[in-house]
Amino acid sequence: MENKIFTISNLAFSYGKHGVLQNLNLSVEEGKVTTLIGGNGCGKSTLFQLMTKNLTPEKGSIQYRNTEISQIRLKDYAKEIAIVHQYNTAPADLSVEKLVSYGRTPYHSFGKRNPEEDEEKIHWAMEITNTLKYKEKPVSELSGGQKQRVWIAMALAQGTKVLFLDEPTTYLDIRYQLQILKLIRRLNREFGMTIIMVLHDINQSIYYSDEIIAMKTGKVLAQGKPENIVTGQLLKMVYDIELPVHMVDGSPYVFAV
């Protein structure tokens, strides 16, 4: 039986007079990797921002575990939901370990903190992302792929079971892209994390996702397992282009050349 962690109903949002999302309905199942795909301007990034409380809906409902997220305090939400945005900046002299430690901020209030738990979570986050060896280095001295792993480590230090990632492989070479995607899969399979991410690469979305949500003009065109929904017809609807789709080892593969 499905265990829905997010339920979205009749969601709408506009930038000025430009309507981005229109009566959008979907749900996200717990314990899976769910990826949002679609062309530029389709609304996937706006949906991401709404689900992470960076934007407020004009109308409709976003429920997390049957509670409206508007009713959840931001600090409490940060104990449930970790987020890695597409664009991140840090002071040039900030060390990796210090940046990762900021992930523990939601648990610090009125001078109260648990140093042992903080240290344990920070160490684990750097270990699992293979950034422990950089802990004393300034973040500014790292490569793009190394920085991305550090930002993920900071999110993991929050100790949540849900992780949002907005285009985590953008601007990375193929080696770092695969490192990040394999890390995401490991977090899901070994640690039971629910992952919700935005990706542009169709084949990476197919290979590393349990569910795909395909969007266009602020609406969901299809949602389901990649092997069940990814067809040439769907991709034509989503991207307005003919893309051959073939089955390879039981999974769709898109020839985007």
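Modeller: Glu30 is partly exposed, with a relative accessible area of 26%. This comes from a predicted model. The salt-bridge partner of Glu30 is Arg65, and their closest N and O atoms are 2.8 Å apart. The two ends come from distant parts of the chain, 35 residues apart. Glu30 sits in the loop between strand E2 (18–29) and strand E3 (33–37). Arg65 sits in the loop between strand E4 (59–64) and strand E5 (67–68). Arg65 is also partly exposed, at 36% relative accessibility.

Now take Glu29. Glu29 pairs with Lys32 in a salt bridge, with 3.2 Å between the closest N and O atoms. Glu29 counts as buried because its relative accessible area is 17%, under the 20% cut-off.

Next comes Asp210 with Arg185. Their salt bridge has its closest N and O atoms 2.9 Å apart. Asp210 lies in the loop between helix H7 (202–208) and strand E9 (211–216), and Arg185 lies in helix H6 (residues 174–191), so the bridge ties together parts 25 residues apart in sequence. Asp210 is partly exposed, at 24% relative accessibility. Arg185 is buried, at 9%.

Salt bridges also form a network here. Its members are Arg104, Arg113, Glu117 and Asp118. For the whole structure, the count is nine salt bridges.

Methods. Residues numbered from 1 in each chain as written. Predicted model: local features only at pLDDT ≥ 70, side-chain atom pairs only at ≥ 80, totals over all residues. Heavy atoms only, no water. Salt bridge = Lys/Arg side-chain N within 4 Å of Asp/Glu carboxyl O. Buried < 20%, exposed > 50% of the residue type's maximum accessible area, 1.4 Å probe, protein only. Helix = DSSP H or I, 4+ residues; strand = E, 2+ residues; numbered from the N terminus.
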